[in-house]
Amino acid sequence: MIDGKKVLFSGMQATGNLTLGNYLGALKNWVTMSDEYECFYCVVDEHSITIRQDPAELRKRARALLTLYIAAGLDPEKNCIYYQSHVSGHAELAWILNCYTYMGELNRMTQFKDKSAKHADNINAGLFTYPVLMAADILLYQADVVPVGIDQMQHLEITRDIAQRFNSIYGDVFTIPEGYLGKVGAKIMSLQDPTKKMSKSDENPNASIYLMDDPDTIMRKFKRAVTDSEACVRYTDEQPGVKNLIDIYAACTGKLPTDIEHEFSGKGYGDFKEAVGESVVSVLKPVQDRVAQLSNDKSYIDQMIKKNAEKADYYATKTLRKVQHKIGFPDRIR
């Protein structure tokens with residue numbers, strides 16, 4: 001708790017271009033949580049280097065992501081928006097927690113298996129201990145709540161296991177975090193393969209809507225979106241492509257799936273796809289306009305980076321010093 005509010009932590013990697021799924025499933029929900037929670041939103045650039053990165057490109061993408069956080073509606077005066085690499089406590093706590101995490105637990109992580117298959121030429125130790133750094137990210141701020149996608153629930157569970165193990169040895173040190181799953185837009189699927197989640201790393205450029213796509217590109221991608229031969233707008237698992245488009249339309253307009261079915265009763269997929277595309281354009285345009293404005297205000301972004309890094313470091317250090325004392329590291333002389 002900070003000033004009577006529960007603490008919320010989340011973050012995104014500074015790789016690739018954020019998709020509509022990232023926005024509707026995460027960023028949009030984050031904005032609504034600012035009043036209820038004390039929020040820490042991290043650009044997780046340390047996680048990004050488990051895959052080889054071009055240094056200049058990583059710095060560029062990290063700043064673009066932080067700017068996008070603000071453009072999406074996260075007030076940096078109310079939310080702590082910062083770079084993971086600017087707070088050394090993340091890496092320091094991760095090393096300590098490595099010593100309280102078992103190899104068998106890490107071997108069971110499905111994401112490690114998936115990424116190892118994709119990057120067989122670079123199966124590094126960081127990829128294996130990725131969940132421990134994620135645990136450090138969360139526990140460092142004594143987070144009560146973590147907005148998490150379904151595919152990340154396994155990492156939250158190992159975070160809870162590590163925290164409970166540490167607490168059982170040293171007492172009440174870490175808050176045990178709970179997961180938060182958004183109800184609307186929690187899982188937006190690929191436009192080309194609706195059995196897969198929309199991903200910023202998809203090799204098919206038509207599969208994902210990127211937040212900075214121009215209106216013509218957005219409309220073209222929706223026109224090419226996979227549907228089926230039934231030519232009927234119904235919200236059913238038997239029509240995964242159509243169901244995905246209904247989910248997107250619902251998230252952008254606030255309409256219920258049943259209302260959307262009624263709205264497009266007797267109409268073809270062409271009309272439906274056009275409406276979905278237009279709703280996405282209208283949602284993303286204010287974000288894109290704000291990104292352009294912020295990108296021209298370097299001093300403001302620099303000021304927020306410095307201010308929020310100092311705030312994050314303050315709370316991270318409080319937890320880190322407590323942990324270091326508990327495990328027997330010598331106290332620092334003030």
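Mentor: Start with a charge and a ring. Lys-243 lies over the face of Tyr-235, 5.2 Å from the ring centre. That label needs NZ of Lys or CZ of Arg within 6 Å of the ring centre and within 35 degrees of the ring normal. A word on the model: it is predicted, so local features need pLDDT of at least 70 and side-chain atom pairs pLDDT 80 or more, while totals for chains, interfaces and linings use all residues. Residues are numbered from 1 along each chain as its sequence is written, and side-chain values use heavy atoms, with hydrogens and water left out.

Now the ring pairs. The whole structure has 13 aromatic pairs. Rings of Phe, Tyr and Trp (its six-membered ring) pair if their centres lie within 6.5 Å; planes under 30 degrees apart are stacked, over 60 edge-to-face, the rest tilted. Phe-9 and Tyr-141 are stacked, with 5.9 Å between centres and 5 degrees between planes. Phe-9 sits in strand 1 (residues 7-12), and Tyr-141 in the loop between helix 8 (130-139) and strand 4 (145-147), so this pair ties together parts 132 residues apart in sequence. Helices (H or I, at least four residues) and strands (E, at least two) are DSSP runs, numbered from the N terminus.

Buried means under 20% relative accessible area, exposed over 50%, and partly exposed in between (1.4 Å probe, protein chains only).

Tyr-100 and Phe-166 make another pair. Their centres are 5.0 Å apart and their planes at 65 degrees, so the pair is edge-to-face. Tyr-100 lies in the loop between helix 4 (89-98) and helix 5 (103-107), and Phe-166 in helix 9 (residues 153-170), so parts 66 residues apart in sequence are tied together. Both Tyr-100 and Phe-166 are buried.

Rings also form a group. Phe-9, Phe-40, Tyr-82, Tyr-141, Tyr-314 and Tyr-315 make up one aromatic cluster.

Next, a polar side chain. Gln-239 lies in the loop between helix 10 (215-223) and helix 11 (240-253). Gln-239 counts as buried because its relative accessibility is 0%. Its side chain makes a polar contact with the side chain of Arg-234, at 3.2 Å. A polar contact is a pair of N or O atoms within 3.5 Å; within protein, one must be able to donate a hydrogen and the other to accept it, and residues adjacent in sequence count only if both atoms are side-chain atoms. Leaving out residues up to four places away in sequence, Gln-239 touches Asp-228, Glu-230, Cys-232, Arg-234 and Tyr-269. Touching, or contact, means heavy atoms within 4.5 Å.

Ser-190 sits in the loop between strand 5 (178-180) and helix 10. Ser-190 is buried, with a relative accessible area of 2%. Its side chain reaches the backbone nitrogen of Gln-192 at 3.1 Å and that of Asp-193 at 3.0 Å. Beyond four places in sequence, its contacts include Lys-196, Asp-202 and Asn-244.

Last, the cysteines. The structure holds 0 disulfides, a disulfide being a pair of cysteine sulfur atoms within 2.5 Å. For Cys-39, the nearest cysteine sulfur is that of Cys-80, 10 Å away. For Cys-80, the nearest is that of Cys-42, at 9.0 Å.
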